Protein chains: 2
Amino acid sequence: MTNVEILGFVSAFLTTFSFLPQAIQVIKTRETASLSLAMYSIFTIGVASWMVYGFVQQDKAVIVANMITLLLSATILSIKIYNEFIVSKRNQYQV
Amino acid sequence: MTNVEILGFVSAFLTTFSFLPQAIQVIKTRETASLSLAMYSIFTIGVASWMVYGFVQQDKAVIVANMITLLLSATILSIKIYNEFIVSKRNQYQV
């Protein structure tokens with residue numbers, strides 16, 4: 001492995017797994033008020049699009065990194081959507 | 001431009017600019033409680049590392065995409081650090 005390959009590998013590892021502490025925090029606290037719904041919607045679509053790109057290019061590193069990121073960002077997005085549309089609607093009907 | 005190049009371009013555009021609504025929300029509301037400090041610390045280092053990778057590989061697309069993402073994520077991280085360490089410390093001393 002060359003130094004440049006190591007740099008690429010470390011970069012991919014950091015940007016991919018950075019979403020792990022955010023996912024854990026959201027799962028534990030169920031708190032998503034300061035997370036942007038637009039960000040996680042656009043980001044999740046973008047990561048899925050990168051994964052398709054990886055499949056087309058048959059680039060295993062791109063596929064695996066984006067598969068992990070997709071799992072984490074889709075988890076965060078799901079809880080955000082749940083809080084935004086289901087929990088807030090439920091509270092609206094409670095008097 | 002081939003279809004695969006367009007797919008890569010669209011993916012890069014989405015994952016890069018997804019951080020714009022989050023940065024705008026944080027700047028406007030100053031609210032960062034549900035943002036993970038660990039995530040934005042690791043992510044910002046990772047994006048900086050990708051930018052260095054782009055410079056080494058002389059890949060303009062990688063440099064530009066990560067430069068924009070770095071600007072946005074560093075902005076979010078700065079406000080998170082400010083809230084976490086300066087605002088919360090200030091409140092601690094106010095009785």
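Student: Why is Glu84(B) called partly exposed?
Tutor: The relative accessibility of Glu84(B) is 35%, and since buried means under 20% relative accessible area, exposed over 50% and partly exposed in between, with a 1.4 Å probe and protein chains only, Glu84(B) counts as partly exposed. Please keep in mind that this is a predicted model, in which local features need pLDDT of at least 70, side-chain atom pairs count only at pLDDT 80 or more, and totals for chains, interfaces and linings use all residues. Residues are numbered from 1 along each chain as its sequence is written, chains are lettered from A and ligands numbered from 1 in the order in which they are written, and side-chain values use heavy atoms, with hydrogens and water left out.

Student: What makes the pair Lys80(B) and Glu84(B) a salt bridge?
Tutor: The closest N and O atoms of Lys80(B) and Glu84(B) are 3.3 Å apart, and the term asks for a side-chain nitrogen of Lys or Arg within 4 Å of a carboxyl oxygen of Asp or Glu, so the pair qualifies as a salt bridge. Both residues lie in helix H4 of chain B, 4 residues apart, about one turn of the helix; helices here are DSSP runs (H or I, at least four residues; strands are E, at least two), numbered from the N terminus.

Student: How do you know that Lys80(B) is buried, and what does its side chain meet?
Tutor: Its relative accessible area is 3%, and therefore Lys80(B) is buried. A polar atom of the side chain of Lys80(B) lies 3.0 Å from the backbone oxygen of Thr32(B). Setting aside neighbours within four places in sequence, Lys80(B) is in contact, meaning heavy atoms within 4.5 Å, with Thr32(B), Ala33(B), Leu35(B), Ser36(B) and Leu37(B).

Student: How many salt bridges does the structure hold over all chains, and how many are counted between chain B and chain A?
Tutor: Over all chains there are 2 salt bridges, while the count between chain B and chain A is 0. In chain A, Glu84(A) forms a salt bridge with Lys80(A), with the closest N and O atoms 3.3 Å apart. Lys80(A) is buried at a relative accessible area of 3%, and Glu84(A) is partly exposed at 34%.

Student: What makes up the area that chain B and chain A bury between them?
Tutor: Chain B and chain A bury about 2,800 Å², 71% of it on carbon and sulfur atoms, where buried area is the accessible area (1.4 Å probe) that two parts lose on being put together, summed over both. In chain B, Ser34(B), Met39(B) and Trp50(B) lose the most area to chain A, together 20% of what that side buries. The contact takes 32 residues from each of chain B and chain A.

Student: Why is Ser18(B) called buried, and which residues of chain A does Ser18(B) contact?
Tutor: Ser18(B) has a relative accessible area of 0%, so the label buried applies. Ser18(B) is found in the loop between H1 and H2 of chain B, and beyond its neighbours within four places in sequence, Ser18(B) is in contact with Met39(A), Ile42(A) and Phe43(A). The backbone oxygen of Thr15(B) lies 3.0 Å from a polar atom of the Ser18(B) side chain.

Student: What makes the largest nonpolar core a core?
Tutor: A nonpolar core is a set of buried Ala, Val, Leu, Ile, Met, Phe, Trp, Tyr and Cys residues joined through side-chain atoms within 4.5 Å, and the largest such set has 28 residues, with Phe19(A), Tyr40(A), Ile76(A), Phe19(B), Tyr40(B) and Ile76(B) among those with the most contacts inside it. Helices H2 (19-29), H3 (37-57) and H4 (60-93) of chain A and of chain B each supply at least two residues of this core. Tyr40(B) touches residues of both chains, including Gln22(A), Met39(A), Phe19(B) and Ile76(B).

Methods
A polar contact is a pair of N or O atoms within 3.5 Å; within protein, one must be able to donate a hydrogen and the other to accept it, and residues adjacent in sequence count only if both atoms are side-chain atoms.
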